[in-house]
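The points are grouped by topic.

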Amino acid sequence: MDHYTQYQPTTGFTRWLDSRLPLVRMAHETIMDYPTPRNLNYMWTFGGVLAFCLGVQILTGIVLAMYYAANTQLAFDSIEHLMRDVNYGWLMRYTHQSGASMFFIAVYIHIFRGLYYGSYKAPREILWIIGVLILLVMMATAFMGYSLVWGQMSFWAVTVITNLFSSLDSIVNGLGTALVQWIWGGFSVDNATLNRLFSLHYLLPFVLAGLVVLHIWALHVPGNNNPTGVDLRDIHREAVPFHPYYTTKDGFALIVFCVLYAYFVFYMPGYLGDATNYVQANPLQTPPHIVPEWYFLPFYAILRSIPSKLGGVIAMFGSIVVLMLAPWLDTSRVRSTRYRPLYRWFFWALVVSCLVLGWLGGKPPEGNYLIVGRIFTAYYFLHFLVIMPFVGIIETPKPQPRSIAESILGPSARGAGRMPHPAPAAAETR
Amino acid sequence: MAITMDEPVTRRDFIHIAATAFTTIGAAAALWPLISQMNPDRSALSLASTELDLAPIQEGQAVTVMWRGKPIFVRHRTADEIQKAKAVPLSDLKDPIARVVDAPDEPATDENRTKAGKEQWLVMIGICTHLGCIPKGQKNGDEKGAYGGWFCPCHGSMYDTAGRIRQGPAPQNLAIPPYAFETDTKIKIG
């Protein structure tokens, strides 16, 4: 895509700054001049929503860290103190706690949007891979944050998840145990473990912010995909500047998203959590039923579907790694599932299997639950490893519009020239 | 500056290579303390042993004590439980290794998992070898699983009356910690 800029420093200071550190120019090119396809639907607003979520989590998290005591004797009580005694402490904590869930709702919609419209396909592979890395870091961060509460679920979730690494014992005897003790800093999950989890929980959001910068950079080189999956050709007819068009649209979506967010924070802050986590951690008693937070349930179901310890761990991590390979597993020349009549069915089957796996993750791993779990785990992997390559070869796609303009204006659009040029940012200063 | 093949090897080349190699080794060496500090510290290592008086534990009863932050299961087994454990052929076991910390490679017979002459006492690390939950079966009324030993509520692993894995996802028998009888009714774990 050819880059053009309309940035003209107007004051003496901005001219002086522009020849030394062109920060304003960079911001202008990123926000004002960035040409965005004009046919993006509301599924494209979740990137902005996610940036907002990260900001809220960092802001409320910094506040929580002012009251939190990372010590096994004090942690649980320090959170209750925050909730009961600190001015608006309950609001800060519930915003952070529900914020994690809202973050995952948005990120899962964002990922399935990418899968549906083929946003992972060339030339956006790096963008997609950075996105999967963001998901991984998000999961690590959310998991560590949950452990800090030091309730029964926190403690046993840390125990179970860190013990996943002991499965390496079946490759090199003793390696897994040594690794787990290295992670714990002891012979069980204890104070040393809690301290390092806190340290890393504070660090990782900033790693996440760095990855987000790379993600946006990798987006701005090839530009946005769009619902037709057809490349943007004519930026004057088919694109609008990001600001004010998409800042406004994203802003509206964000308001709607915040209504849902606020509903959870103010009316049912405990709904998405587990009541067992309001019991302080007890290393001598495992709760009858260990369940992770809802956003990990599909992965937990995959872990438990495999009857071998190492196999379960490999499948669980594999379910995310396989996402990274999607750009190369998908053999179709058509990006958007809109024009893929056969693949569309499989896409929705994938959505359903993720939802079913999520439901199963909260059920005990026995009897029919286990059988259904194995079927849907198998589908999850077959979808990426077999269906994606195979359907791309045998499918006859529906005709795609020749251009974004044609998809909006119909075949007569050619040369109509009725489209105004993208509103220049100069309009702001008029 | 690029070095081409026809230039002779000079003292400067040697200095370049030596300096780069030295920096790399130095950086790697500096990493080690950063990694090593994560390991269990001296205070964790020094909590080495726990003593337990067995006299008050009646036949059929079990107690749990802490050793190195881990629960240790001590069960006073009934004659019936011992007999059931001995009757299991090794070929029926999912994990045929005794998993005794002091003697790692012996077969998982009931004899190897207890002390000679004290076979009514089963002393184990009470941590499921699957993902580290605490199995049920220590208290009266706990579910003990299909083999009368222990049952892990997390993912359904079942252990027999010698603490050996019989069913479920756990890969290994419950581990036997290092312990010794100090007197007839007193053990020292660790």
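Predicted model: local features only at pLDDT ≥ 70, side-chain atom pairs only at ≥ 80, totals over all residues.

R77(B) sits in the loop between strand 3 and helix 3 (79-86) of chain B and D110(B) in helix 4 (residues 110-113) of chain B, so the pair ties together parts that are 33 residues apart in sequence. Over all chains, the count of salt bridges comes to 17.

- R77(B) counts as buried because its relative accessibility is 1%, under the 20% limit.
- D110(B) also counts as buried, with 2% relative accessibility.
- E51(B) and K186(B) meet through their side chains in a salt bridge of 3.5 Å, N to O.
- This pair links distant parts of the chain, 135 residues apart: E51(B) is in strand 1 (residues 50-53) of chain B and K186(B) is in strand 9 (residues 186-189) of chain B.
- E51(B) is partly exposed at 44% relative accessibility, and K186(B) is partly exposed with a relative accessible area of 31%.
- D160(B) and R164(B) form a salt bridge, with their closest N and O atoms 3.1 Å apart; D160(B) and R164(B) are buried.
- In chain A, a network of salt bridges links K121(A), D330(A), R340(A) and E395(A).

**Cavities**

- The whole structure holds 3 cavities of 30 Å³ or more.
- The largest cavity contains about 840 Å³ of space.
- Its lining has 41 residues, and L64(A), H96(A), G145(A), Y146(A) and H201(A) lie nearest the centre of the largest cavity.
- At least two lining residues of the largest cavity come from each of helix 3 (46-65), helix 4 (75-84), helix 5 (89-116), helix 6 (125-148) and helix 9 (191-220) of chain A.
- Helix 5 of chain A gives the largest share of that lining, 8 residues.
- The lining of the largest cavity comprises 26 nonpolar, 12 polar and 3 charged residues.
- The second largest cavity has a volume of about 70 Å³.
- Residues lining the second largest cavity include R304(A), K363(A), P364(A), P365(A) and Y369(A).
- Helix 12 (297-305) and helix 15 of chain A each give at least two residues to the lining of the second largest cavity.
- By class, the lining of the second largest cavity has 6 nonpolar, 2 polar and 2 charged residues.

**Second largest pocket**

- The second largest pocket holds about 1,200 Å³ of space.
- Of the 48 residues lining the second largest pocket, D169(A), T177(A), T129(B), Q172(B) and A175(B) lie nearest its centre.
- Elements giving two or more residues to this lining are helix 7 (152-163), helix 8 (175-184) and helix 13 (309-329) of chain A, together with strand 3 (70-76) of chain B.
- The lining of the second largest pocket divides into 25 nonpolar, 16 polar and 7 charged residues.

**Surface features**

- L342(A), L382(A), L385(A), V386(A), F390(A), I393(A) and I394(A) make a nonpolar surface patch of about 650 Å².
- Helix 15 (residues 367-394) of chain A supplies the largest share of the nonpolar patch, 6 residues.
- L342(A) lies in helix 14 (residues 341-361) of chain A and is partly exposed at 33% relative accessibility.
- A146(B) is in the loop between strand 4 (121-125) and strand 5 (148-151) of chain B, and is exposed with a relative accessible area of 61%.
- A distance of 57 Å separates the C-alpha atoms of A146(B) and T24(B), which are 122 residues apart along the chain.

Key. Residues numbered from 1 in each chain as written. Chains lettered and ligands numbered in written order. Heavy atoms only, no water. Patch = residues over 30% accessible without salt bridge, like charges linked within 9 Å, V, L, I, M, F, W, Y side chains within 5 Å. Areas by Shrake-Rupley, 256 points an atom, 1.4 Å probe, with all protein chains shown as cover. Salt bridge = Lys/Arg side-chain N within 4 Å of Asp/Glu carboxyl O. Helix = DSSP H or I, 4+ residues; strand = E, 2+ residues; numbered from the N terminus. Buried < 20%, exposed > 50% of the residue type's maximum accessible area, 1.4 Å probe, protein only. 1 Å grid on protein atoms, 1.4 Å probe; cavity = no way out; pocket = protein on both sides within 12 Å on 5 of 7 lines; lining within 4 Å. Points joined across faces, edges and corners; volume = space filled by probe spheres on them. Nonpolar A, V, L, I, M, F, W, Y, C, P; charged D, E, K, R; others polar.
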